[in-house]
Amino acid sequence: MSKNKLPDELLRFIDEWKDKRGNLIMVLHQVQEHFGYIPREVAFEVADLLNVPVAKIYGVITFYHLFKLTKPGRNRIAVCMGTACYLKGGEDIILELERLLGVGINTVTPDGEFSMEAVRCIGCCGLAPVMTINGEVYGNVKKAELTKILKKVKGGK
Amino acid sequence: MKFTRDTLKTHRDSLRVVKARTTVLVGMGTCGIAAGAKAAFQTLEKAIADKGLQDVVLKRTGCLGLCFAEPTVEVKNANGTSTVYGNVDAAFAERIVTEHLATGTPLTENVYEQPAADLFDEDAAPLKQMRIALRNCAIINPEMIDEYIARDGYAALEKALFEMTPDEVVKEVTDSGLRGRGGAGFPTGRKWMFTKNTPADQKYIVCNADEGDPGAYMDRSVLEGDPHSVLEAMAVAGYTVGANQGFIYIRAEYPLAIDRLNLAIKQAKECGLLGEKILGTDFSFDIELRLGAGAFVCGEETALLASIEGNRGMPVPRPPFPAVKGLWGKPTVINNVETYATIPMILLKGSKWFNSIGTATSKGTKVFAVTGKIKNSGLIEVPMGITLREIIYNICGGIASGKKFKAAQTGGPSGGCITAAFLDTPIDYESLQSIGSMMGSGGMIIMDEDDCMVDVTKFYLEFTVDESCGKCAPCRIGGRTCYNILDRISKGKGQPDDLQKLKDIGHAMRKASLCGLGQTAPNPFMSTMKYFEEEYRAHIEDKKCPAGKCKDLLTYTIDEAKCVGCTACARRCPVSCISGQVKKLHVIDQSKCIKCGQCYEACKFDAVKKG
């Protein structure tokens, strides 16, 4: 991928942050927001633009849970596994989703429609168990509602 | 416009001259919105317009703390009284307008108790809680700087800049007895003094908003409900120690808090309350955000600094402490969100006032996120020294299921359990430590008889093992080994000497780990083994889980006397291991059962037994 293949918006961001110390994580966030993950060729591109070794970039990506190296599904489900959600059945929600989607955790459905992961506490403990789909929070989730929710999300696309 | 000291005062006075009006406040933090606050807000907006109600102000605000009753709406009547409504859906929002607002008579349904008196209302009678860090949450619109200014916002910064020397600020904060609210409880004033007294060409102020403890969300609520209070305190810290740059390190998982902080920083700069020459003085101070990326260890201060520097968030040994040698090797003050949010009030009301609240060693108030098996889960702010019994039974309505209280877990993955025997122990930093738990950041998870201590401990250890950065062996290897032991105990494969092994490894981890994560990772099992040894023994010796939580130790059977042969269980069983015909007794084939519990849930006749 040549330099001008990176979207302008991203190039502008990198340009703005280029000379700030400690910019790498902020730039990677922006890359991930754009692509949904951090594609290998973009990581090389960023290394070039920021003048840091690729090894350092991968060191950072693999250290932090939030950075992804593979493309997520069109709809991203994140089930909270904070303590309150765990006590109120967060694990059962994951098992049921695995059953409904037919794929395990941290994988994408074959049609690319959904991906599902367990995440750290999202701070809505009062509504436990909680999950988010594409950033929208669903509280007091019940196993029986999941089919309906998935259908609605899929239909909304 | 950029304020000077005089124009800020005039502006504040002008904001206070408002005629008595009815104000409707909708709690719109992340959890409020998740529960449907947007729909409630839109309905209120439309209904107020449709009815043509004059002099009614509708406001978005932060969290009232009544998470169990979200979305919440508070109506402040022009005459000074107020009503808090919970569980407000669109239909109820409509009724608030057509009945309460139109007639002036409050509704009687969905009414909840006001949690705390307004800190600025000196005539108000004290209520069960006392909100200092949360003083503006659910009162002001966090997206409007004027609302913060009207409630003495930036008055503490003004006081520090014009009336106090840096030494006087340090003294005031030290005398107040304020200790870090992030968990360890280090005296804030002393931290500031170290940085102030270290000569350097550049110093930094950092706010730790990497609230990673599962079950704690007070920092999110402060940032979403009152972001300026943190900005103001950081500027005060900058003036005190001689720093002109601040960073807020915030979890990327808190998008709403990030948006509100960015907006608040922009507004403060426009008003000359951040940026160059604040309030016309020679003091300049800027704040930038840096996002975390999902690493719990980054809540540890040296790891957090490594992360701001753009590196893998791995801790380094202390000393030197960040106060002397921190960000990019420069002296750095690091405090957490709740600590900063408290500081403006200490400067305005004085250290004596703050010092008079709390216990001998722990002053002021603490915010707790009370969750788990509690009836009224939510965010509470209470004076230090309150007992767990008061929190659970007086403020939070008792155990949700009506079952017996088993334990409260505080301090998250680094903390321990408080059992029923200690319900009346006053809560402060020292007393919690003496009973094997810790204050932590304020997460408080309530557990009842259905929760298994081995299971919960395993959950916490899985968390710390996953979050260990791997730099030091005691944490990396010790944590994993302990997790494996707990895992086999929970599966009925525990060895007789497992408890001793856990104790030995835990002891080594406490002594030898590099940072707080590894040093405190054994706390959950050290504490539960002490108070619930019998429960551990039941798993190891009798291969039983008394709480019925550890799946591998459960057997599901069907009660002959109760089974009516409805086939509901057989139809739900994912592995088809239940045999039986319509109106005949059903039987579970134990050799095939995967113990998923679906039959137990499916049975309407209470015939499936778990044990």
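In which sense do strand β1 and strand β3 of chain B pair, and over how many bridges? Antiparallel, over four bridges: β1 covers residues 22-27 and β3 covers residues 73-76. Strands count as paired if DSSP finds at least two bridges between them. One bridge joins V24(B) to V75(B), in β3(B).

Some ground rules. This is a predicted model, where local features need pLDDT of at least 70 and side-chain atom pairs count only at pLDDT 80 or more, while totals for chains, interfaces and linings use all residues. Residues are numbered from 1 along each chain as its sequence is written, and chains are lettered from A and ligands numbered from 1 in the order in which they are written. Helices (H or I, at least four residues) and strands (E, at least two) are DSSP runs, numbered from the N terminus.

Back to the sheet in chain B. It is open, has five strands and runs β2-β1-β3-β4-β5, with mixed pairing. β2 (56-61) and β5 (111-112) of chain B are at the edges. Each has a single partner strand, so one side of each lacks a neighbour in the sheet.

Next, helix α19 of chain B, residues 498-512. Its 15 residues reach 21 Å from first C-alpha to last, close to the 21 Å expected at 1.5 Å a residue. The expected span is 1.5 Å times one less than the number of residues. L502(B), G506(B) and M509(B) of this helix are buried. Buried means 20 or more other C-beta atoms within 10 Å of the residue's own; exposed means 12 or fewer; partly exposed is in between, with C-beta atoms placed from the backbone. The buried residues pack against α18 (473-490), α20 (516-520) and α21 (523-531) of chain B.

Now the contact between the chains. Chain A gives 30 residues and chain B gives 39. Contact means C-beta atoms, placed from the backbone, within 7 Å. On chain A, the elements giving two or more residues are α2 (24-35), α4 (54-63) and α5 (83-87).

Last, G139(A). This glycine lies in the loop between β5 (136-138) and α7 (146-155) of chain A. G139(A) counts as partly exposed because it has 19 C-beta neighbours inside 10 Å. Leaving out residues up to four places away in sequence, G139(A) touches C124(A), L127(A), V130(A), A34(B) and A35(B).

Key. Two residues are in contact if their C-beta atoms, placed from the backbone, lie within 7 Å.
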